[in-house]
Every structure is written in structure tokens, then in C-alpha cells.
Amino acid sequence: MESTNLPAKRINEPGGEDKPHVFRTLRNIDLNLLTIFEAVYVHKGIVNAAKILNLTPSAISQSIQKLRAIFPDPLFIRKGQGVTPTAYATHLHEYISQGLESILGALDLTGSYDKQRTITIGTSASLGVLVMPAIYQAIKQHAPQLLIRNVMVTEPETQLAQFQTDLIIDTNSFSARALGQNVLYADSLTLVCRKQHPALAEPLTIDNLRQYEHSSFVTDGQGPSPLRQRIDELFPERQISFSSYNMFTVASLIGSSDMLCVMPARLFNLLRKCWPLESIPLSQLNEESLEISLHYNKLSLRDPVLENVINVIRQAF
């Protein structure tokens with residue numbers, strides 16, 4: 001009967017088969033052995049490594065023997081009361097130490113504030129241009145090692161519940177109890193038209209404004225809301241001839257037609273720098289406001305880095 005206690009195949013053994021896939025290769029290596037290798041290398045001895053890892057010297061020796069069966073080198077040579085690494089072991093250490101540090105950095109089990117990490121923030125196209133500059137500056141001031149990734153909001157509650165995004169900034173409110181919300185600021189609404197629009201030469205009444213067609217700026221993911229209902233009541237039977245999620249498209253159309261559009265004041269102040277837009281003073285509308293909120297999964301508060309980012313963003317507004 002053939003023995004089943006065959007030595008592990010060396011990594012660089014020549015063979016007739018194609019080079020194994022990286023996952024298959026790693027599957028044949030006990031990655032715990034690499035931790036033991038590093039402990040012996042750094043602490044220059046089996047006994048010292050055993051104390052650090054809370055293992056017996058015998059267990060450490062057995063692990064080194066397993067590594068010797070995998071790699072074509074004795075790895076460590078006895079020297080006095082300790083061991084000295086071979087040139088090949090020094091070569092391995094350079095790669096293994098970097099790999100272990102990268103893994104620990106990605107896991108960030110201690111919530112270290114000096115680890116590089118990507119924070120994903122979902123916004124609509126319109127809110128992104130308004131809030132991301134301030135958010136970027138605030139985060140870079142308090143946590144310069146963090147990287148910021150801005151993604152489109154598609155299904156906000158799902159994106160947060162499934163941790164597809166870390167944070168979402170939106171004008172909607174969500175009913176899910178697992179989600180947290182903080183209002184960042186409230187923005188007033190204004191009625192926008194092109195410069196030299198004929199309505200500006202007439203008395204600014206609802207009846208006079210009703211004769212003009214409207215363009216609707218639709219925030220991504222925006223559904224029916226009390227605010228939208230109040231706007232519809234303010235402009236009953238208004239003709240919405242064009243609607244778009246793209247603020248630049250709406251601004252361009254308003255700037256070259258007699259259409260009117262209701263939009264947040266901060267957005268208007270930004271767009272008027274690019275297109276010939278004018279605000280129509282209408283007290284009934286100017287009294288309305290839109291809340292912009294930061295949303296997050298409450299479980300994210302267990303992450304000290306993300307909790308700090310949430311606090312930084314709140315303070316920025």
C-alpha cells in the first residue's frame with residue numbers, strides 16, 4: 001500500500017502540468033506558517049517566537065520543518081542560543097512582511113486613524129457638486145490618509161443596508177430603522193428663468209407665471225413628497241414640458257428658452273455662473289426649503305474611522 005504521508009510539494013518543483021492557479025497554490029500552504037516564519041525571523045529564535053505566539057517551542061519547530069518541505073531552503077541555521085536566517089529566508093521576509101502588513105491595513109482591526117482607506121459616499125449628480133468639495137476639504141484636514149470615492153445614488157436604502165456605500169447624502173428620508181440620519185443643512189427654493197425673460201417685465205403673480213411652461217429638475221431617486229405636493233399646489237395645472245436628472249441640461253434649457261424651473265437656491269447660485277439665469281422673487285416659494293441629510297447604516301458606528309468621518313462631515317456644515 002502506498003504511503004499517504006508524502007512530503008508537501010515544493011513550490012518551484014518542475015512538473016509537466018501548467019503553472020497552478022494562484023488560489024490553488026495558496027490552498028496548499030497553511031498561511032499560519034507564514035506568521036510563525038515572521039515571528040522566528042523577527043525575534044531571532046524559536047523560543048522567543050514561541051513566547052510571542054503563545055505556542056510551545058516544539059510546535060514552532062514543527063512548523064519550520066513544514067516550511068522547509070515547501071521551500072527549497074533550510075530557512076534558519078542554529079547559531080548560539082538562537083537562529084540566523086539564510087539569504088533565502090531574508091528574501092522571503094521582505095515579501096511576507098509586506099503582505100501581512102497589507103492584510104492588517106485592509107482589515108484595520110484596531111480602527112487605526114493612520115491607515116489608508118477608501119470611504120465611499122453616494123450622492124445624486126446635483127448634490128455631489130454642492131457638497132463634495134466641502135466634504136473633501138474637511139476629511140483631508142482631519143484624516144488626510146483617507147481616499148474619497150463618490151458614487152451615484154440608485155437605491156439608497158439598499159446601498160446602505162448592503163454596505164455598498166459607506167454614506168449617502170440625499171434629500172429623501174428613509175423609514176428603515178437600521179439607518180441613521182443627520183440633517184446637514186436646509187436650502188431655500190427659488191423660481192428660475194433666463195435673463196430678460198418676459199415674466200420679469202410683468203407683475204410677478206401666480207396667474208401671470210402660470211402661462212409659461214416649466215422644466216422639472218428631478219433628483220435621482222426622488223419620489224413623491226409633501227414638498228413636491230406643495231409646489232404643485234402653488235402652481236396648479238402647470239405644464240411640465242421637460243424633466244431631467246441632469247442639472248446642467250436643465251440649466252442650459254432654461255437659459256435658452258422661456259421655461260421656468262424650481263430649484264434649490266445653492267444650486268441656482270452655482271449654475272448662474274455658467275448660464276444666463278435669473279431668480280424670480282416669489283415669497284410663497286422662497287419660504288419653502290429642502291433638507292439635505294447624511295444617511296448611514298447604524299452598524300457603521302461600530303467602525304471608529306467611519307464614525308469619525310460622519311462627525312467631520314456634520315461639523316463641516
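1. Asn246 caps the N-terminal end of helix H10, with a side-chain oxygen 2.9 Å from the backbone nitrogen of Phe248. The contact falls under the polar-contact rule (N or O atoms within 3.5 Å; within protein, one able to donate a hydrogen and the other to accept it; residues adjacent in sequence count only through side-chain atoms on both sides). The model is predicted: local features need pLDDT of at least 70 and side-chain atom pairs 80 or more, while totals for chains, interfaces and linings use all residues. Residues are numbered from 1 along each chain as its sequence is written, and side-chain values use heavy atoms, without hydrogens and water.

2. H10 spans residues 247-255, and its buried residues are Met247, Val250, Ala251, Ile254 and Gly255. These cover an arc of only 125 degrees around the axis, which puts them on the same side of H10. The arc is taken from the directions from the helix axis to the C-beta atoms. Buried means under 20% relative accessible area, exposed over 50%, and partly exposed in between (1.4 Å probe, protein chains only).

3. There are five aromatic pairs in the structure. The ring centres of Phe71 and Tyr88 lie 6.2 Å apart with planes at 55 degrees, so this pair is tilted. Rings of Phe, Tyr and Trp (its six-membered ring) pair with centres within 6.5 Å; planes under 30 degrees apart are stacked, over 60 edge-to-face, the rest tilted.

4. Phe71 is buried, at 9% relative accessible area, whereas Tyr88 is partly exposed at 28%.

5. Phe37, Tyr41 and Phe76 are linked into a cluster by ring pairs.

Conventions: Helix = DSSP H or I, 4+ residues; strand = E, 2+ residues; numbered from the N terminus.
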